[in-house]
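Me: I have a model open and want to learn how to read its features. Can we go through them one at a time?

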Amino acid sequence: MISITKLLFDTENFGDSLRYSKDSQGNKHGTTSGSGPVVVWNSTKTCNLHCVHCYMDSNARQYEGELSTEEAKKLIDDLADFKVPVLLFSGGEPLIRPDFFELAEYAAGKGIRPTLSTNGTLITPELALRIKKIGVGYVGISLDGLREVNDLFRGKQGAFQAAMSGIRNCVAAGQRVGLRFTINRHNFEELDHIFDFIEAENIDRVCFYHLVYSGRGQKMVSEDISPEESRQAMDTIIRRTKDFQEKGLNKEILTVDNHCDGVYLYLLALQENPERAEKIKTLLEINGGNRSGIAFGEIDPYGDVHPDQFTQYISFGNVRERKFGEIWTDMNHPLLAALKDRKTHLKGRCAQCRFLSFCNGNFRTRAGAVAGDFWASDPACYLTDDEIGIASQSESRTSQ
């Protein structure tokens with residue numbers, strides 16, 4: 001994640017202490033020294049929607065073999081022992097699990113900050129109050145556009161209105177809530193409207209996700225936006241973030257899954273405010289770019305451990321067989337060891353980029369999906385050869 005508000009204005013939100021702490025530099029197994037990674041637990045594959053870009057390929061049916069309540073509590077005990085700071089309950093739709101509240105409260109009691117990634121359609125006023133009461137730090141609700149666009153992507157008519165009710169119920173309960181918005185060809189022109197929506201609905205936070213070609217999203221490579229459109233999207237995000245700041249609105253604006261966003265912001269700042277650019281450079285170097293397999297990991301519904309939620313075709317082990325901390329620090333796994341020190345493995349433009357310390361090779365799953373090579377250049381990098389300091393496209397291709 002890249003905090004646009006932090007880079008531009010030095011704002012302080014909970015996640016910034018994990019992303020921009022000097023104590024995190026050089027740590028290969030967690031967010032900061034002495035802490036484990038942020039962990040996403042896709043607690044169930046069952047979902048009441050059928051999103052076209054779902055990395056889990058979820059459906060509205062029961063799946064056999066998911067972790068039981070007791071197994072989940074043992075997992076949470078193991079995560080607490082490994083000093084995991086945040087456990088993100090995701091899915092499928094995590095609120096479908098009947099033991100969600102029991103497990104989230106259990107995590108909070110163990111000193112782990114529980115957060116929730118949901119489609120929001122099941123959050124009634126009563127559920128919003130329960131979420132707040134048990135100590136969920138943040139609720140991220142997925143929207144991929146306004147009304148018709150969202151319903152098309154979510155695979156269900158009325159999904160937008162139901163999610164809206166969930167958002168408003170969280171706001172009314174005093175629960176910190178934000179949007180999760182995946183940018184694609186069908187909605188990137190709605191970004192200004194999304195910012196208007198955030199302001200009108202008193203929403204605290206928004207994460208703009210770049211499309212990752214995983215699960216059902218593997219079929220959406222052609223639905224991704226072009227490099228020029230990516231730059232336009234970032235220009236809008238930066239402009240509206242500044243607009244919120246000028247209005248005195250306390251909103252946290254982040255982009256996710258494309259670390260060249262930070263480089264783009266830095267390059268703009270070099271032209272407009274060199275002093276600010278130096279601060280941005282320092283923060284990006286501290287953050288270190290993509291940290292899947294380092295400061296971020298995922299556990300699927302069956303207990304398998306992965307670098308992130310989009311890379312579930314790579315497994316490092318299963319928490320039913322070994323503790324999470326043992327799996328996460330096992331440098332005998334060749335790919336896990338490579339992810340923790342990936343710079344020498346990268347190829348193409350990523351290997352030659354002068355901003356590799358900012359980005360760390362960006363997102364490997366996209367490279368694998370398009371090039372068939374996990375270490376190839378990330379095809380979603382929209383920076384030019386001149387910007388990243390390499391000679392030409394033709395020369396870069398010969399090195400891949």
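Me: What volume does the second largest cavity have, and which residues are closest to its centre?
Reply: The model is predicted, so read each value as computed from it. The second largest cavity holds about 130 Å³ of space. It has 15 lining residues, and the closest to its centre are R349, C350, C353, C359 and C381.

Me: Which elements give two or more residues to that lining?
Reply: Three helices do: α10 (260-272), α14 (348-352) and α15 (356-359).

Me: How does the lining of the second largest cavity divide by residue type?
Reply: Sort the residues into nonpolar, polar and charged. Here the lining of the second largest cavity has 10 nonpolar, three polar and two charged residues.

Me: How many cavities of 30 Å³ or more are there in the whole structure?
Reply: The search finds three. The largest cavity has a volume of about 420 Å³. Its lining counts 26 residues, with C54, Y55, S142, R154 and R180 nearest the centre.

Me: Which elements each supply at least two residues of the lining of the largest cavity, and what is its make-up?
Reply: The elements are β4, β6 (177-183) and β7. The make-up is 10 nonpolar, 11 polar and five charged residues.

Me: Now pockets. How do I tell a pocket from a cavity?
Reply: Ask whether a probe can get out. From a cavity the 1.4 Å probe cannot get out, whereas a pocket is open. The largest pocket here has a volume of about 750 Å³. It is lined by 37 residues, and M1, R19, V38, R205 and F296 are the closest to its centre.

Me: Which element gives the largest share of the lining of the largest pocket?
Reply: Strand β4 does, with four residues. By type, the lining of the largest pocket has 16 nonpolar, 12 polar and nine charged residues.

Me: In what sense do β10 and β11 pair?
Reply: Strand β10 (residues 304-306) pairs with β11 in the antiparallel sense, over two bridges.

Me: Last topic: salt bridges. What is the general idea?
Reply: Side chains of opposite charge can pair when their charged atoms come close. The whole structure has 25 salt bridges. Take D192 and R239: their closest N and O atoms are 2.9 Å apart. D192 lies in helix α8 (residues 191-200) and R239 in helix α9 (residues 227-247), so this pair ties together parts 47 residues apart in sequence.

Me: Which residue does R240 meet in a salt bridge?
Reply: R240 meets D196, at 2.9 Å from N to O. R240 is in helix α9 and D196 in helix α8, so the pair ties together parts 44 residues apart in sequence. R240 is buried, with a relative accessible area of 7%, whereas D196 is partly exposed at 39%.

Me: How far apart in helix α9 are D243 and K247?
Reply: They are four residues apart, or about one helical turn. Their side chains meet in a salt bridge, 3.5 Å from N to O. Both partners are partly exposed: D243 at 21% and K247 at 45% relative accessibility.

Me: Which residues are linked in the network of salt bridges?
Reply: Trace D192, D196, E199, R239, R240, D243 and K247. Salt bridges link these residues in a network.

How values were computed: Residues are numbered from 1 along each chain as its sequence is written. This is a predicted model: local features need pLDDT of at least 70, side-chain atom pairs count only at pLDDT 80 or more; totals for chains, interfaces and linings use all residues. Side-chain values use heavy atoms; hydrogens and water are left out. A salt bridge is a side-chain nitrogen of Lys or Arg within 4 Å of a carboxyl oxygen of Asp or Glu. Buried means under 20% relative accessible area, exposed over 50%, partly exposed in between (1.4 Å probe, protein chains only). On a 1 Å grid over the protein atoms alone, a cavity is a set of points where a 1.4 Å probe fits but cannot get out, and a pocket is an open set with protein on both sides within 12 Å along at least five of seven lines; lining residues have an atom within 4 Å of a point. Grid points are joined across faces, edges and corners, and a volume is the space filled by probe spheres set on the points. Ala, Val, Leu, Ile, Met, Phe, Trp, Tyr, Cys and Pro count as nonpolar, Asp, Glu, Lys and Arg as charged, and the others, Gly among them, as polar. Two strands pair if DSSP finds at least two bridges between them.
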